[in-house]
Structures are given as structure tokens and as C-alpha cells.
Amino acid sequence: MKRNIIYKENKGSFIKECPCSPGRLSCNYYIIVPGMGCPFSCSYCFLNFYSKNKDILLYPNIDKLIEEFKNFIGQRNNELLRFGTGEFVDSLAIKELDTLNMTLADIIKDRPNVVIEFKTKSSNIHSFLNRPAQDNIILSWSLNPQWIIDKEEKGTANLENRLLSAKAAIKHGYNIALHLDPIFMSEKTLNDYLELIDMVFDIIPASSVKWLSMGGFRYIDDLKISILENNDGKKWYLGEEYIKCEDGKYRYPRFIRLKFYNKIGEKIREKGAIKIYLCMEGESLWSDISWSDHNILEKLHPLTDSLSL
């Protein structure tokens, strides 16, 4: 499905703190917002709720974004800063963002305290392969088992192409990050995620993965309604058991999340000393994680690599 691109000036801020839910532990991340929308059709995506007409909104006043970004990092020369552009758009799937991506990379070229992550479900890394790699540019991919990609991530690159793109980025000199989010936690899916980890690290060296996040599928009431409206009133993953949490989001029961996080995290740990963290989970659940603790959230910046995991 081809998306229309519409342009409308942003009157507000282009930089926001990552919207971590109340009571959940933050990963100390800032979001750069060049627009809202995506060319893909992931059934579970919150953008389906926020952008009901499916158009891609881009902000033409990018000069303001660049000015705000320069001022923001200029006032924080002694802080370790992690940014990402892939919260409200796919960072690499929209060609119209290529120039901005290159400009942001140029701005931080001599600022090792600043890292920018460009997150995607595509294989569109050509613009980054046409320039020298930087240690503080992280190219990242969201991953799921191939059958979930086929059913729920329409239009995206398949799993193999995502991994081969990551391999090409590493060969060029970039570090990468990986995201298992959302993880669909049913009786039949755990082995699929464990096999996914084997496939990933058969292709990608663990030493090149700067961080890996995990997050179970979660939703608010309005997103569930949107998913059902877009899928003839049914979706297999909405038939699982969910518990409404104090932040208003519905999540799998705690014991199920803990089982998946521990099994998958332990599998990842077999592959190398990778910084693994949980997205939008609280300290209580973190306390029962077998492979790490929430202090890892303070060590995600590459300049902390010498610190113990």
C-alpha cells in the first residue's frame, strides 16, 4: 500500500524524552521527531491509531529541528546522550528523510558523547553505506520470527534481508542494535524466538551489537479498537490473556513475561556479553530477571562499554 506524504510545519518541539510509561524504568533516551507515519502496515503499530488516514506526515521546517538539536546537545557537552529517530517514523524507510539523517550524522561526527540510533524494519541502508562509518551512529533493526513478519508486518523487509543489511552495515564499520519488540507471548511462540536468536547470531557477531531490547506486546484500549477495526474484528494475539497495569496498558501476565524474558535473555547471553534491556517494564519485574538487573539502563551508551554488565 503506497502512502501519501503530507507536509505540515511543526509548531512544537522536535526533541522529546522517550515516552516511558509511569512506574516503568526509563532507558534514558531522547526522541528526534521529523514527522509521524510509516510506509509499512504492521497490524499492532500504535501509529495506526494516531494516523487513521495512513498518510505520512513530515515536517518541512527541518531547519528548526536542526537548530533545536544543536542547541540541545550544545548545552549538554558533559552528558552521555542517546537519541533515536525511529519512534514516530521508520528511520530509514522514508527516502525523504535521507538528507536529514546525513545532516544529523554530520553534526555529531566530533561529539562522542552523543549517539543517534536509526531504527528500521527495512533494508534501506544505502545512504549510510555511501559515507564513512561513525562509532556514534547506530543502525538498528526490529526483529520477529518470519511467520510473524509475514502475518503482521506487511510491506517490511523479510527477516533474512534485515539481518543481511545489518551484516553489511557491520562490514562497513557501523555498530548496530536490535529490538525484539513486540514479542508475542503464546504457548507456541517461545521456541520461535529462541530459534530466532540462533539465526540472528549465525549471521551477526555479538561484539557488534551495542544493545538489544525486549518488550512484550502491550496496548491501550484505543489501540485494541483500532487493531480490530483494521482486521475485520479479530486478531489472534488479542485472544491471549492480558492484565491491565497501573499505567493503563494491557500486558501479558507477569509470570508469562518473566518466562519469555528470562529464556530469551539467557539464550542471548550464550552468544556474548550484549547489553540487554527491557522496554517499559518496572523495577519489580526487573528484580526477577536472571541475566541482568535494571542498572544496565545506565550503561547503554557506548562510552560505558568498559563498565561491567
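Strands E8 and E9 pair in parallel over 5 bridges, strands being DSSP runs of E with at least two residues and helices runs of H or I with at least four, both numbered from the N terminus. Pairing requires that DSSP finds at least two bridges between the two strands. Within this pair, Glu 117 faces Ile 138 of E9. The model is a predicted one, in which local features need pLDDT of at least 70 and side-chain atom pairs count only at pLDDT 80 or more, while totals for chains, interfaces and linings use all residues. Residues are numbered from 1 along each chain as its sequence is written, and side-chain values use heavy atoms, with hydrogens and water left out.

E7, helix H3 (residues 98-107) and E8 together make a right-handed β-α-β unit. A crossover is called right-handed if, with the strands pointing away from the viewer, the path from the first strand over the helix to the second runs clockwise.

These strands belong to an open sheet of 8 strands, ordered E2-E3-E7-E8-E9-E11-E12-E16, with mixed pairing. Its edges are E2 (15-17) and E16, each of which pairs on one side only. From one strand to the next, the twist averages 25°. Axes for such angles are lines fitted to C-alpha atoms, for helices over the stretch in contact, and the angles run from 0 to 180 degrees between N-to-C directions. Helix H6 (residues 159-172) packs on the sheet and touches E9 and E11, its direction making about 165° with that of E9; contact means heavy atoms within 4.5 Å. Elsewhere in the sheet, E3 (residues 30-32) runs parallel to E7 (residues 81-84), joined by 2 bridges, and Ile 31 has Gly 84 in E7 as its bridge partner.

Strand E11 (residues 175-183) is mostly covered, with 9 of its 9 residues buried. E9 (residues 137-142) pairs with E11 in the parallel sense over 5 bridges, and Leu 139 stands opposite Ile 176. E11 also runs parallel to E12 (residues 209-216), with 6 bridges between them, and there Ile 176 stands opposite Val 209. The chain passes from E11 through H7 to E12 in a right-handed β-α-β crossover. E11 also holds Pro 182, and the peptide bond from Asp 181 to Pro 182 is cis, with omega near 10°.

Phe 184 lies in the loop between E11 and H7 and counts as buried because its relative accessibility is 0%. Leaving out residues up to four places away in sequence, its contacts include Tyr 44, Asn 144, Tyr 193, Phe 217 and Phe 260. Phe 184 and Leu 238 are 54 residues apart in sequence, and their C-alpha atoms are 9.9 Å apart in space.

The largest nonpolar core has 103 residues, and those with the most contacts inside it are Phe 69, Phe 83, Met 214, Phe 217 and Ile 264. Helix H7 (residues 190-203) gives the most to this core, with 7 residues. Such a core is a set of buried Ala, Val, Leu, Ile, Met, Phe, Trp, Tyr and Cys residues joined through side-chain atoms within 4.5 Å. Beyond its neighbours within four places in sequence, Phe 217 is in contact with residues including Pro 182, Ile 227, Leu 238 and Arg 251. Among the buried residues of helix H9 are Leu 258, Phe 260 and Ile 264, and the elements covering the buried residues of H9 include E11, H7 and E12.

Most residues other than glycine have a negative phi. Asp 232, in the loop between helix H8 (221-230) and strand E14 (243-244), has a positive phi near 55°; Asp 232 is exposed because its relative accessibility is 73%. Met 280, in the loop between E16 and H10, has a positive phi near 60°, and Met 280 is buried, with a relative accessible area of 12%.

Conventions:
Buried means under 20% relative accessible area, exposed over 50%, partly exposed in between (1.4 Å probe, protein chains only).
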